[in-house]
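Subject: Structure handover

Hi,

Here is the structure for you to look over. My notes follow below it.

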Amino acid sequence: MIERFGIDTSVLVRLVTGDPGPEFSRCVVVLSGLVEDEGAEIFVSNQVVGEAYVAVQHHYGISKAEARAGLLDVLQSGLVSPLNGRSVISALVASGGAGLFDRLIADEYSRASLRTLTLDRRMAALPHVRRL
């Protein structure tokens, strides 16, 4: 049986920033061992992606575009994968209109077969979202 893990925000922030170096290296070594040696799968939830997006901007002073690029690099590295698959990659790549959090929220509800209700015009333009 393949063991499956979900990482928290602290791990994802280390993978995106590489800082602090010793913790980053430890994360890479341990996660690589789990994946390569044990055949494990490592996942990242929408909530963790959103939290890391804010954390790297706030604590490291990087732009939204740099935060998205860093998250994309990690989520496409083969080491960890978005729990909700390609839709998370699409949300990180998308520009204009609804923001990343709005896209992640709509994605999460859609996966539960729910439509999102919002007051935001830009968010309402997303699939499966309805403006109140």
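Which side chain meets E23 in a salt bridge? That of R14, at 2.6 Å, N to O. Before the rest, please keep in mind that this is a predicted model.

Salt bridges

The count comes to three. The E23–R14 pair is one of them. Its two partners differ in cover. R14 counts as buried, because its relative accessibility of 18% is under the 20% cut-off. E23 counts as partly exposed, at 33%.

Another salt bridge joins the side chains of E41 and R4, at 3.5 Å, N to O. This pair links distant parts of the chain. R4 is exposed, with 53% relative accessibility. E41 is partly exposed, at 31%.

The side chains of R111 and D107 also meet in a salt bridge, at 3.4 Å, N to O. Both are in helix α6, four residues apart, so about one helical turn separates them. In general, residues three or four places apart in an α-helix point the same way, because there are 3.6 residues a turn. D107 is buried, at 12% relative accessible area. R111 is partly exposed, at 46%.

Helix α1

R14 brings us to helix α1, where it is one of the buried residues. The helix spans residues 9-17 and is mostly covered: seven of its nine residues are buried. What lies over them? The cover includes α2, β2 (41-44), α3 (46-60) and α4 (64-75). After α1 comes G18, with a positive phi near 70 degrees.

Surface patches

V54, F101, I105, Y109 and L114 make a nonpolar surface patch of about 420 Å². Which element gives the largest share of the nonpolar patch? Helix α6 (residues 100-111) does, with three residues. F101 is in that helix. F101 counts as partly exposed, because its relative accessible area of 38% falls between the cut-offs of 20% and 50%.

The other patch carries negative charge. E3, E36, D37 and E38 gather there on the surface. E36 belongs to helix α2 (residues 21-38). E36 is exposed, with a relative accessible area of 64%.

Two single residues

Is T118 buried or exposed? T118 is buried, because its relative accessible area of 9% is under 20%. T118 is found in strand β4 (residues 116-118). Leaving out residues up to four places away in sequence, T118 touches M123, A124, V129, R130, R131 and L132.

E66 is in helix α4. E66 is partly exposed, with a relative accessible area of 46%. How far apart are the C-alpha atoms of E66 and Y53? They are separated by 9.5 Å, and the two residues are 13 apart along the chain.

Best wishes

How values were computed
Residues numbered from 1 in each chain as written. Predicted model: local features only at pLDDT ≥ 70, side-chain atom pairs only at ≥ 80, totals over all residues. Heavy atoms only, no water. Helix = DSSP H or I, 4+ residues; strand = E, 2+ residues; numbered from the N terminus. Buried < 20%, exposed > 50% of the residue type's maximum accessible area, 1.4 Å probe, protein only. Contact = heavy atoms within 4.5 Å. Patch = residues over 30% accessible without salt bridge, like charges linked within 9 Å, V, L, I, M, F, W, Y side chains within 5 Å. Areas by Shrake-Rupley, 256 points an atom, 1.4 Å probe, with all protein chains shown as cover. Salt bridge = Lys/Arg side-chain N within 4 Å of Asp/Glu carboxyl O. Lys, Arg positive; Asp, Glu negative; His and termini not counted. Charge placed at Lys NZ, Arg CZ, Asp CG, Glu CD.
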